[in-house]
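Here are my notes from going through this one, point by point. Have a look at the model first, then read on.

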Amino acid sequence: MSAPAVSVHVRVVAFVVGAASLGTEIAVARLLAPYFGASTIVWANTIAIVLLALALGYRFGGRVADRDPTLHGLSRLVLAAAVWLAAVPFLARPFLDAAVIALDRISAGAAIGSLAAVLVLAAGPVLLLGAVSPYAVRLAVTRLEDTGTIAGRVYAVSTAGSLVGTFAAALLLIPFAGTHRTFLAFALALALVALPSWPRTAALAAIAIAVLLALPPGAIRSDRGGARVLYETETPYQYARVILTADGSRLLELNEGLAVHSVYRPGSYLTGNYWDDFLAAPLAALGRPPARIAILGNAGGTVARAYGHFLPSTRIDAVELDGRLTWIARRYFDLHAPHLRLITADARPFLRATASRYDAIFLDAYRQPYVPFYLATREFFALTRVRLDAAGILVVNVGHPAGSAALERTLTATLRTVFPTVLRDPVTATNTLLIAADRAAPARLRAVATTLPGPLRPLARRLARRLAAPLSGGGVLTDDRAPVEWLIDRSILQYAARAR
């Protein structure tokens with residue numbers, strides 16, 4: 001192969017490898033989401049391990065290139081990376097299933113789990129991809145005085161490939177082909193650029209990967225014991241699945257599946273869980289059922305559906321960031337109500353843009369184990385108060401590890417900087433509702449419980465008995481400083497220590 005042909009081939013390899021490197025990083029984060037979530041901690045672990053693997057790859061590639069400065073040597077690395085990358089989605093499910101079970105036994109958080117998962121699944125192929133850049137520079141340089149120019153060109157081409165790979169993975173491959181096929185698509189591209197140097201081996205690898213691409217991927221996560229998966233999908237924001245339990249109930253799980261986000265029980269509008277309390281809590285401040293509510297984090301629509309049945313005159317703005325969840329709510333969770341408006345938007349931008357005022361705002365947008373920090377700050381709660389009528393009420397669902405109150409204390413302290421009255425409803429061992437208003441009292445709830453439909457009256461009385469003064473302590477979260485991931489990881493570690 002002539003020198004110009006070598007240079008062109010090297011640049012093509014550098015471009016494709018750059019695309020595969022960043023595309024793999026995006027795909028790995030999505031691969032982990034059903035097991036460990038998609039929090040800042042998980043992303044930090046993914047980026048850190050990818051950077052470490054690339055750094056080791058640069059060092060390794062430089063040494064190998066000096067020993068064997070040939071296109072065959074370069075393509076051997078690319079082909080090995082292609083095969084390893086193609087294996088990742090097939091190794092991931094059994095490994096991650098086993099890892100989650102093992103980590104659950106020691107109550108390890110997503111920080112530890114995701115770090116180990118990225119290290120095992122992604123570090124190897126990314127290291128090989130990182131080795132390509134110095135190897136490519138070594139081959140492209142023909143005159144010592146051109147070393148800087150050639151190195152700059154190779155790294156510019158590789159970075160351009162990284163840009164293309166990032167957008168291709170995030171905007172095209174993952175949304176339309178899925179995470180499983182995203183790995184295979186990048187692996188196929190790598191095998192194809194190795195063809196000129198390894199025609200037979202690379203062709204066999206490319207054919208095998210193409211066949212795997214054509215096969216339907218298996219279930220992302222295995223069924224629960226005694227339950228089966230009715231539907232699962234990767235949305236632009238998260239992994240979601242609908243579980244059918246032995247008693248005929250349907251459960252909505254998101255990402256790592258540590259919490260159930262919506263429940264549908266055939267023939268019933270009550271769940272026996274925290275969602276029911278949203279039906280009665282507004283009476284503690286309003287003294288009557290709310291005329292208009294906003295549900296921030298509608299998910300499968302459990303609360304909206306119950307309002308439509310028991311309090312059909314209530315106007316409902318159900319806000320959900322992920323439009324696919326709204327489709328799931330209609331298809332699998334019987335979501336309907338007479339005055340229901342379904343809105344696809346992020347909660348905080350929606351509140352900032354709307355001119356509506358509400359009797360009650362329900363915040364149920366926290367995803368376990370981590371919460372979106374911008375929905376937990378003093379500035380956000382101040383915005384909710386602006387959107388409430390004078391006697392309006394904010395109800396916040398706080399999920400937490402059993403026996404841990406750190407997150408609740410912090411959110412309470414933050415709420416009290418905005419609302420004169422904050423009460424707590426310890427509805428389950430892992431869910432506390434925080435009720436914030438200008439004025440709210442259990443006595444008012446008891447006094448007007450009889451105005452509710454029959455099935456809600458005992459619910460309201462039980463809620464009135466549980467309502468208590470807020471917990472003290474905790475720091476105030478702001479838009480500038482809201483270390484919610486560290487707060488929750490510390491809670492998980494403390495829970496693990498108690499369990500031992």
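1. Leu172 counts as exposed, at 52% relative accessibility. For the labels used here, buried means under 20% relative accessible area, exposed over 50%, and partly exposed in between (1.4 Å probe, protein chains only). Leu172 sits in helix 7 (residues 147-177); helices (H or I, at least four residues) and strands (E, at least two) are DSSP runs, numbered from the N terminus.

2. A word on the ground rules. This is a predicted model, with local features needing pLDDT of at least 70, side-chain atom pairs counting only at pLDDT 80 or more, and totals for chains, interfaces and linings using all residues. Residues are numbered from 1 along each chain as its sequence is written, and side-chain values use heavy atoms, with hydrogens and water left out.

3. Arg462 belongs to helix 17 (residues 457-466) and is partly exposed, with a relative accessible area of 41%.

4. Now the inside. The largest nonpolar core has 65 residues, and Leu32, Leu74, Val78, Leu96 and Leu190 have the most contacts inside it. Helix 1 (residues 3-36) gives the most to this core, with 14 residues. A second, separate core has 46 residues, including Ala227, Ile243, Ala318 and Val427. A core here is a set of buried Ala, Val, Leu, Ile, Met, Phe, Trp, Tyr and Cys residues joined through side-chain atoms within 4.5 Å.

5. How many salt bridges does a search of the whole structure find? The count is 16, taking a side-chain nitrogen of Lys or Arg within 4 Å of a carboxyl oxygen of Asp or Glu. One of them pairs Asp277 with Arg466, whose closest N and O atoms are 2.4 Å apart. That pair links distant parts of the chain, 189 residues apart: Asp277 is in the loop between strand 4 (260-264) and helix 10 (283-286), and Arg466 is in helix 17. Asp277 is buried, with a relative accessible area of 2%, whereas Arg466 is partly exposed at 25%.

6. Arg305 and Asp334 form another salt bridge, with closest N and O atoms 3.3 Å apart. Again, distant parts of the chain are linked: Arg305 is in helix 11 (residues 302-310) and Asp334 in the loop between helix 12 (323-332) and strand 7 (340-344), 29 residues apart. Arg305 counts as buried at 7% relative accessibility, and Asp334 as partly exposed at 29%.

7. Don't skip the backbone at Asp334, where phi is near 50 degrees, a positive value in a residue other than glycine. Ala299 also has a positive phi, of about 50 degrees, although it is not a glycine. Why look at these at all? Because most residues other than glycine have a negative phi. Ala299 is in the loop between strand 5 (292-296) and helix 11 and counts as buried, at 2% relative accessibility.

8. Arg143, Glu145 and Asp146 are linked in a network of salt bridges. Glu145 is exposed, with a relative accessible area of 59%, while Arg143 counts as partly exposed at 46%.

9. Last, a covered helix: in helix 5 (residues 123-130), seven of the eight residues are buried. Those seven are Ala123, Gly124, Pro125, Val126, Leu128, Leu129 and Gly130.
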